[in-house]
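Dear colleague,

Please find below the structure for your files.

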Amino acid sequence: MNRGVLTRKVTSLLIWAATLVLTVISLFPVVWMILTSFKTKAESFQIPPAWLFSPSLDNYRTVMSGGDSVAILPRPLTFYLTNSLVVGVITTIISVSIGALASYSITRLTFPGRGALSVLIVGSRVLPPIATLMPIFLMFRNLGLIDTRLGLILIYSSLNAPFAAWMLRGFFASIPRELEEAAQVDGSTRLGVLFKIVVPLVLPGLAATSIFSFTLAWNDLPFALFLTSTEAVTLPVVATFTRTEVGTLWGPMAALGTVMIIPIWVFTLISQRWLVEGLTSGSVKG
Amino acid sequence: MDSPASPTGLGTDRPFWKRIDLFPYMLLAPMFVLLGAFLVVPWVVNASNSFYDWKLNDPTSVREFAGLQNFRSVLTDEITYRSLRNTLVFVGAGVVLEVVLGMIGALLLFRTAFMKRVLSTLVLSPMLLTPVAVGLMWVFMWNALFGIINYLLSMIGIQGPAWLADPSWTLWTLVITEVWQHTSYMILILLAGLHGLPKDPYESAKIDGANSWQAFWSITVPLLRPILAIGIMFRLMFAIRTFDVPYVLLGLQGGPDQSGLLFSTLLYRVSFQSFDVGRSAALALILVVVTGVLVFTVTKLVYKEVEL
């Protein structure tokens, strides 16, 4: 083996080792949380940390039993899980549909005011949503939307729809124009072209955008914390309940954290490729 | 829905509103209804409220015109400036670290020869994780008594600080936690950028005798500038409004002596704890101005031709 080959092999091994370190750092907190969720109270405080232990489901039992004397949550986990899922799924359906229609319009059609309207949609993201908490609270108070899932769905849809439109631009732009024209010659209406020709071609984009939209709704804290109290409380809000006056309940907290993170992890792992395409095609094509 | 041109000509005899093709606007209508109701209306309400005195937690308080009183009181309050300063440090240090570490991470993944796809997926995974869950986990890890971080530091002979309980460390603890989660976004877009780079400039540089360090600075960095500008713009925008992780780590007081109080935490506190409508509206408008100025200047500094 000559020197050049050896140097290259060593370099490549060093790069791989460094990448492994990066991977461990990226995964560690989550793995640590999942491990902690299966530990008993004594084990989770142990120093040096317990790496090997017999897994216990106590923490999950604690968060599943709401309302009774030993419970730490006002209601069982399933109640909050249902809220989060319902809000997340309906928000996704609304925001991706509305975003896709708008995105198609500004990327594929020509009409007066197109540039200005697309700047308005993308530019709306610059305004920090957290600064609209108070006016939205006042609005919702008048409309009776405080502490309702509908209220959260409306807010999240309005935040996610522009994002969906932005993310889908690259996918719409990559469809060959001839396909649409051919269908129009065949006598399809323009809505027919959109649903029969264009939508099937952007399905990967719609999937990636849906996952992203669901994640944003699933993850939100500030709006849910401010606008809900008992009935529409979602998982991120209830997770903050584990920090009590007498200290944090680490085990139940880790269990709730694990429940919140696992779906997101599964989603991103299976849709990584589309997600990367959606997040970068929008930004590369600016 | 379709409005084909009239067969007799271009339809010049028809009135203006009938000649306009409504289809593109109809597709955009639902979007603008949503934005109108939940973006335009709240901001108009904010702008108006900022000139009124109104406290929701005081039953005797009525909405009363107060002129510039809210702005005067907010802009003379020391805590406003402290939170702004903290936010600038938090955002500045965070984004710089994310760019540097993101570039290193992207280059590593780009050049990794084994298990490249699996490792990329895992390294990119923190980005979308629920910030509340991430925050709670880090609170556990930062704990001075039984946290794993100080335990690991003690193994290499370092006595770790009290992190979230030590006023001189709170802000940096926030920065590290946020950098852990959001560097993955920077890696993602820089990695995509690296995959899109042309091969030719590198080959001619090699012929000219440039080493890989020189090639990185003279070819890679300039070619990645546009995508770097987009990445920085997005991270700045989102870092300024960060609420979840600081809230979980330090609470609405911003930790001991409010040492880690961010502007967004202050805004939330004035809205949610004091229910002071007027002041929160004034702070909201200040946050928009700060966001606009910061995002615009920094993005232009990185890349002049950026447009969005």
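In this predicted model, the side chains of Arg61(A) and Asp58(A) meet in a salt bridge, with N and O 2.9 Å apart. A salt bridge here is a side-chain nitrogen of Lys or Arg within 4 Å of a carboxyl oxygen of Asp or Glu. Both residues belong to helix H3 (residues 58–64) of chain A, where they are three residues apart, about one turn of the helix. Helices are DSSP runs of H or I with at least four residues, numbered from the N terminus. Arg61(A) is exposed, at 53% relative accessible area, whereas Asp58(A) is partly exposed at 41%. For these words, buried means under 20% relative accessible area, exposed over 50% and partly exposed in between, with a 1.4 Å probe and protein chains only.

Two conventions apply throughout. Residues are numbered from 1 along each chain as its sequence is written, while chains are lettered from A and ligands numbered from 1 in the order in which they are written. Local features need pLDDT of at least 70 and side-chain atom pairs count only at pLDDT 80 or more, while totals for chains, interfaces and linings use all residues; side-chain values use heavy atoms, with hydrogens and water left out.

Over all chains, the search finds eight salt bridges. One of them links Arg190(A) to Asp21(B), their closest N and O atoms lying 2.9 Å apart. This pair joins two chains, because Arg190(A) lies in helix H9 (residues 190–201) of chain A and Asp21(B) in the loop between helix H1 (16–19) and H2 of chain B. Arg190(A) is buried at 16% relative accessible area, and Asp21(B) is partly exposed at 26%.

Another salt bridge is formed by Arg235(B) and Glu98(B), with the closest N and O atoms 2.8 Å apart. Arg235(B) is in helix H10 of chain B and Glu98(B) in helix H4 of chain B, so the pair ties together parts that are 137 residues apart in sequence. Both Arg235(B) and Glu98(B) are buried.

On a 1 Å grid over the protein atoms alone, a cavity is a set of points where a 1.4 Å probe fits but cannot get out, and a pocket is an open set with protein on both sides within 12 Å along at least five of seven lines; lining residues have an atom within 4 Å of a point. Grid points are joined across faces, edges and corners, and a volume is the space filled by probe spheres set on the points.

There are six cavities of 30 Å³ or more, and the largest cavity has a volume of about 950 Å³. Its lining has 34 residues, of which Arg125(A), Leu216(A), Pro131(B), Phe238(B) and Arg241(B) are the closest to the centre. Helix H7 (149–173) of chain A is among the elements that give two or more residues to this lining, as is helix H8 (170–195) of chain B. The largest share, five residues, comes from H7(A). By type, the lining of the largest cavity has 23 nonpolar, five polar and six charged residues. Here Ala, Val, Leu, Ile, Met, Phe, Trp, Tyr, Cys and Pro count as nonpolar, Asp, Glu, Lys and Arg as charged, and the others, Gly among them, as polar.

The largest pocket has a volume of about 1,000 Å³. Of its 28 lining residues, Arg111(B), Tyr202(B), Ser212(B), Ala215(B) and Thr220(B) are the closest to its centre. The second largest pocket holds about 660 Å³ of space. Among its 27 lining residues, Val21(A), Ile25(A), Ser26(A), Trp138(B) and Trp180(B) are the closest to the centre. H1(A) gives the most to this lining, with eight residues, and the lining divides into 23 nonpolar, four polar and no charged residues.

Finally, two single residues. Ser44(A), in helix H2 (residues 41–45) of chain A, is buried with a relative accessible area of 8%. Its side chain reaches the backbone oxygen of Lys41(A) at 2.8 Å. Leaving aside neighbours within four places in sequence, Ser44(A) is in contact (heavy atoms within 4.5 Å) with Thr36(A), Lys39(A) and Phe140(B). Val41(B), in helix H2 (residues 23–49) of chain B, is partly exposed at 36%. With the neighbours within four places in sequence left aside, Val41(B) is in contact with Met139(A) and Gly36(B).

With kind regards

Terms used:
A polar contact is a pair of N or O atoms within 3.5 Å; within protein, one must be able to donate a hydrogen and the other to accept it, and residues adjacent in sequence count only if both atoms are side-chain atoms.
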